[in-house]
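Please read it alongside the sequence and the model.

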Amino acid sequence: MGSKLAFLRCDTAIDLGTTNTLVHIRNRGLVLREPSVVALNRRSGKIIAVGAEAKRMIGRVPETIVMIHPVKGGVITDFEIATHMVRHFLRAAHRGPRFIKRRVVMAVPSGITPVQRRAVQEATHLAGARHVHIIEAPMAAAIGMGLVGTESGVMVVNVGGGTTEVAILSMGGIVTARALQLGGDDLDQAIITYARREYGLVVGLRTAEETKIAAGSAYPSSKERCTSLTGRHVLSGLPKILSISQAEICEAIADPIKAIVELVKKTLSECPPEVSGDLMDRGMVLTGGGAQLNGLEDLLRSEIGIPTHLVDDPLHSVVLGSARYAEQLALDYQ
């Protein structure tokens, strides 16, 4: 009987993100965090690398190799590649080529359609899962932060690589939610566009991301920081390094940041009055990798006018909440 229960145990939680995929296994914790990217040979159709190995190749490969991000905006856009990627990550997480077919909890954006939800489930089934349970990412994040189970309302703002979700929760469920296919990757692209427009400098995605992390800010700061930006000059075609200030990066990413603020405001406008009162006390919590952008917490607090807090572990709150949900499912099966 014990072996049968082990077979049915729900012990794997996955946060399938646009930028990164995280896998949590019961009694082992977070075992994998890899970029959601695959390197494919155009000519042979053979997959060359997955995850971190593939990301190191970005910007350095010949034309015969294409870098594929099979998940965009939290939605699978390349089903075959996504299935291969999930299978690769599950095998790596379970330490071997034979992934035991167990139940998996998969976190997905709250705004995806039923068709997109089924695509996630089917891809995970084909990757080796016996049963796939879906949980919405804002709910998973709230569980991971210990915010579910109280009567008072709370707002969760989850800023991922390709999607920003805003959800207001009360009484253990989502009262209202909105999502926007915009996240940290769009901030990187905004920096690339700014560098080309203002300085005639062609910058790669990895450089833009490093620049955002080093000196990016959503809110003007009295402590001005500068960082170097390396790329290729459009006119000369030669490598060039220039210094870019935090104020310039703030200007570069102003439009996507404004869109995030507007998303929060629209979600609040749909909130029931009673729950709105709760938010004046409990405020909103920020999670997701993009929430770590310097100044975003201060900007939202200033623009919205309610308490705003960045969680202690914004990168992992969704997968940790999914893992806790998986534990509850495991108890239900016993």
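**Note on packing and cores**

1. Helix α9 (residues 254–269) packs against helix α11 (residues 296–304) at an angle of about 45°, their axes lying 11 Å apart. That angle makes α9 oblique to α11; under 35 degrees counts as roughly parallel, over 145 as roughly antiparallel, 65 to 115 as roughly perpendicular and the rest as oblique. The axes are lines fitted to C-alpha atoms over the stretch in contact, with angles from 0 to 180 degrees between N-to-C directions. Helices (H or I, at least four residues) and strands (E, at least two) are DSSP runs numbered from the N terminus.

2. The model is predicted: local features need pLDDT of at least 70 and side-chain atom pairs count only at pLDDT 80 or more, while totals for chains, interfaces and linings use all residues. Residues are numbered from 1 along each chain as its sequence is written, and side-chain values use heavy atoms, with hydrogens and water left out.

3. On the α9 side, Ile257, Val261, Val264, Lys265 and Leu268 meet Leu296, Leu299, Leu300, Glu303 and Ile304 of α11. The residues of this contact comprise 8 nonpolar, no polar and 2 charged.

4. The largest nonpolar core has 40 residues, of which Met155, Val157, Ile257, Val264, Met284 and Leu300 touch the most other members. Such a core is a set of buried Ala, Val, Leu, Ile, Met, Phe, Trp, Tyr and Cys residues joined through side-chain atoms within 4.5 Å. Helix α6 gives the most to this core, with 6 residues. Beyond neighbours within four places in sequence, Val264 is in contact (heavy atoms within 4.5 Å) with Met155, Val157, Val166, Met284, Leu300 and Ile304. Apart from this core lies another, of 30 residues, including Ile81, Val86, Leu90 and Ala123.

5. The axes of α6 (residues 184–199) and α7 (residues 205–215) come within 8 Å and cross at roughly 105°. The two helices are therefore roughly perpendicular to each other. Gly184, Leu187, Asp188, Gln189, Ile191 and Ile192 of α6 make the contact with Leu205, Ala208, Glu209 and Lys212 of α7.

6. Thr163 sits in the loop between β11 (154–159) and β12 (164–170). Is Thr163 buried or exposed? Thr163 is buried, its relative accessible area being 9%; buried means under 20%, exposed over 50% and partly exposed in between, for a 1.4 Å probe and protein chains only. Leaving aside neighbours within four places in sequence, its contacts include Gly73, Gly74, Asn158 and Leu182.

Methods: Ala, Val, Leu, Ile, Met, Phe, Trp, Tyr, Cys and Pro count as nonpolar, Asp, Glu, Lys and Arg as charged, and the others, Gly among them, as polar.
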